[in-house]
Amino acid sequence: MEWNSGNETCERLGTIGTTANLLVYLTTVFHIPSVRAATLLNVFSGTTNLAPLLGAFLCDAYLGRYATLAAASFTSFLGMLLLTLTAALRSLHPPSCTSSSCQGPTHSQLAALLASFAFLVLGAGGIRPCNLAFGADQFDPGTAAGRRGIASFFNWYYFTFTIAMMVSATLIIYLQSNINWAIGLAVPTALMGLSCVLFFMGTRLYVRVRPDGSPFTSFAQVLVAATRKRRLPAPAPADDLFDPPHRSKLVAKLAYTDQFRWLDKAAAVTAEDTVVVGPDGSAAAANPWRLCTVQQVEEVKVLARIVPVWSTSIVYFVVLTQLGTYTVFQVMQSDRRVGRSGFEVPPGSMVVFNMLALTAWLPVYDRVVVPALRRVTGREDGISQLQRIGLGLALSVATMAMAAAVERRRRGVGSGSSWAWMVPQQAMAGLSEAFAAIGLNELCYKDSPESMRSVAGALSPLGLAVASYASGAMVTAVQSGTGWLAQDLNKGRVDLFYLVVGAMAAANLGYFVACAFWYRSKRTDGGGGELEMEFDGGAPAMA
């Protein structure tokens, strides 16, 4: 477990340190115009967040988490090394601008840059969906200590992630901007190389879960079989569904649930269905696209229950994205001096206060709050993941209300406003992430079938990708329709924009509460898990 934790910390420092300042690198070193550079970076960011879906599929279906992580870590290292070389070798970047000319990149220089991006995308596609699941695989969920370890692991995972972001947003960006780009990129590259070494050093110690076939194929079979039998009456729970003995030692047998009963038709045995019995006594459908097992149907039901809860993360990430973007603009039009020292706070570093709040809170929550809640609720994790997500979403509403009030005051004062006024809203956003983002990832991991936990790890990057595109569209629509987001914030109405975003957050919270009261946790035939709605501490879920 220690080897994987060291790999995770160094990998985060490496990748975040490389990508955090890329926009500046593209415009100042490669002399790419700002609009083209921003477009290129948006495409790179969006592709990086979508690639984990493909990586998760390959991981769960064919490669396994260890092999995927091994290949992806090495690929990320190659991408960082190539990007560092574009800064270190004069032949791989344009010459410095002169007073009379500023030459852009040649085709070969641009090809080297894009090749480094391609390696980074491939690396992220394997690392992001698998790292969290692979770390949690090292704990035994069948024991109380293992379940507590998984809950603690998710907290410390985000703790190291945030530390890496803070170091990247300060030290590494300072090296890149004020010392030398080659050195500033070489440091995270070296850290990524150390990450690979640490990862492979722990090879003999890891628990490796073998891939159990493509979950997407199984899901498609259930949907096709249910559609083919759509004219059948919905089977009653007591009806004889196709439920052969469960023989997998890697995937837990799921208990039958009575939600989404129309999917049960996929497991209903009709006169047209043929069941083949193997030499070992195992039973299988002759045509799996017409007859599926109860296990397959229940796995689809688990995913169908998770997706509505996960969808709330899209609006949540939109809230965080808009706050982060316009806090920078607010600080740019405020007094950024720190006392009488003459030092001015960089607007882009305001995110550090978000990270500080999250970093300071997580150890307190894990070591003090959870044990106290455990004594009150009797739950190993203190409160349920749904309750944790709900608290985070509620804090996001309060954050936007605070941001709107601060902006109204800042706009009234003008240049006399202080950068410090924006610190509380950033800190509250960090606390919100500590509840909502971590709770969502833990819920997706724990309630997903073992065969698709890497896919579950790709859901958060997917939500970020959708939120990034939605945020850009929202800004364009609001500005064209209202003019609130003027270049000069003092001539716009960012406070009203914050209120609109806050109203979206409030509606999102209401939608989440409805999903939470309807949600049922995964239950296994072996007794693991509970079939209950956990949002209010144990009241039965509505069917």
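Reader: Is Cys97 buried, exposed or partly exposed?
Author: Cys97 is partly exposed, with a relative accessible area of 37%. Buried means under 20% relative accessible area, exposed over 50%, and partly exposed in between (1.4 Å probe, protein chains only). This is a predicted model, in which local features need pLDDT of at least 70 and side-chain atom pairs count only at pLDDT 80 or more, while totals for chains, interfaces and linings use all residues. Residues are numbered from 1 along each chain as its sequence is written, and side-chain values use heavy atoms, with hydrogens and water left out.

Reader: What does a disulfide join Cys97 to?
Author: To Cys102, with an S to S distance of 1.7 Å. A disulfide is a pair of cysteine sulfur atoms within 2.5 Å.

Reader: And how exposed is Cys102?
Author: Cys102 has 47% relative accessibility, so it counts as partly exposed.

Reader: How many disulfides does a search of the whole structure find?
Author: One.

Reader: What about Cys292 and Cys444, buried or exposed?
Author: Cys292 is buried at 0% relative accessibility, and Cys444 is buried at 3%.

Reader: New topic. Where is the kink in H5 centred?
Author: On Cys130, and the kink is about 40 degrees. The bend at a residue is the angle between axes fitted to the seven residues ending there and the seven starting there. Helix H5 covers residues 107-137. Helices are DSSP runs (H or I, at least four residues), numbered from the N terminus.

Reader: Which helix is Tyr62 in?
Author: Helix H3, residues 34-63. Tyr62 is exposed, at 55% relative accessibility.

How values were computed:
Helices (H or I, at least four residues) and strands (E, at least two) are DSSP runs, numbered from the N terminus. The expected span of a helix is 1.5 Å times one less than its number of residues.
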